[in-house]
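The sequence and the model come first.

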Amino acid sequence: MESEKSNGCPLHGGGAAAQSLVGSLLAEVVGSRHVYDGDAPAGPLDVWLIDDRGGTVHVTTGSDGCLIVGASEPHTGYDMGDSGRVIVGAIGNEPPFADYIGESVLTVREEHEPNTGRVALELSFPRGGVRCESWAGDLRLTLM
């Protein structure tokens with residue numbers, strides 16, 4: 001994989017520069033999750049990284065396998081009828097971001113693939129890091 005380039009997804013474009021998070025404190029993490037028929041919520045489908053300066057970086061996946069990174073505020077949840085509903089709320093107290101709320105973002109690194117565009121975003125903090133990636137169309141968040 002190539003890294004450190006600013007090229008984005010061929011379908012969705014370059015999106016917002018996640019580099020805007022560098023030097024700020026991670027104040028809050030909001031996520032959206034799919035809930036169906038009483039099952040435990042799946043997801044997250046999206047995450048919004050909110051810094052101490054009021055900036056918001058939205059991370060989600062595209063149907064083409066890319067990782068979409070943009071600047072947008074969290075949306076509200078919605079009902080999908082027989083297919084369940086999407087709930088939106090704070091997830092900063094859950095892994096992998098739980099240990100990093102209130103910490104400074106030291107670096108942001110992206111990974112790209114030639115045909116897909118951005119496939120991963122890594123954020124490093126003083127005590128570790130989090131990797132956000134598109135994995136088979138799903139958003140996967142892991143500790144680094």
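In this predicted model, a search of the whole structure finds 1 aromatic pair. The pair is formed by Tyr100 and Phe125, whose ring centres lie 4.6 Å apart with the planes at 10°, an angle under the 30 degrees limit, so the pair counts as stacked. Tyr100 belongs to the loop between strand S7 (85–90) and strand S8 (107–113), whereas Phe125 belongs to strand S9 (residues 117–125), so the pair ties together parts that are 25 residues apart in sequence. Both of these residues, Tyr100 and Phe125, are buried.

The loop between S7 and S8 also holds Pro96, and the peptide bond that leads from Pro95 to Pro96 is cis, with omega near 5°. Most residues other than glycine have a negative phi, and most peptide bonds are trans. Ala136 is placed in the loop between strand S10 (128–135) and strand S11 (138–143), and its relative accessibility of 76% is over the 50% limit, so Ala136 counts as exposed. As for charges over rings, Arg140 lies over the face of Trp135.

The geometric values are collected here.

| Feature | Value |
|---|---|
| Tyr100 and Phe125, ring centres | 4.6 Å |
| Tyr100 and Phe125, ring planes | 10° |
| Arg140 to the ring centre of Trp135 | 3.9 Å |
| Pro95 to Pro96, omega | near 5° |

The largest nonpolar core has 22 residues, of which Leu49, Val59, Phe97, Leu121, Leu123 and Cys132 touch the most other members. Two or more residues of this core come from each of strand S2 (26–35), strand S3 (42–51), strand S4 (56–61), strand S5 (67–70), S9, S10 and S11, and S9 gives the most, with 3 residues. When residues up to four places away in sequence are not counted, Val59 touches Asp46, Val47, Leu49, Leu67, Ile68, Val69, Leu121, Cys132 and Leu139.

Taken as a whole, the protein chain has 0 helices and 11 strands. Of its 144 residues, 43% count as buried, and the chain exposes about 7200 Å², of which carbon and sulfur atoms supply 51%. Among the contacts with a separation of 6 or more, 56% are accounted for by residues 24 or more positions apart.

Conventions. Residues numbered from 1 in each chain as written. Predicted model: local features only at pLDDT ≥ 70, side-chain atom pairs only at ≥ 80, totals over all residues. Heavy atoms only, no water. Phe/Tyr/Trp six-rings, centres within 6.5 Å; stacked < 30°, edge-to-face > 60°. Helix = DSSP H or I, 4+ residues; strand = E, 2+ residues; numbered from the N terminus. Buried < 20%, exposed > 50% of the residue type's maximum accessible area, 1.4 Å probe, protein only. Lys NZ or Arg CZ within 6 Å of the ring centre and 35° of its normal. Contact = heavy atoms within 4.5 Å. Areas by Shrake-Rupley, 256 points an atom, 1.4 Å probe, with all protein chains shown as cover. Core = buried A, V, L, I, M, F, W, Y, C linked by side-chain atoms within 4.5 Å.
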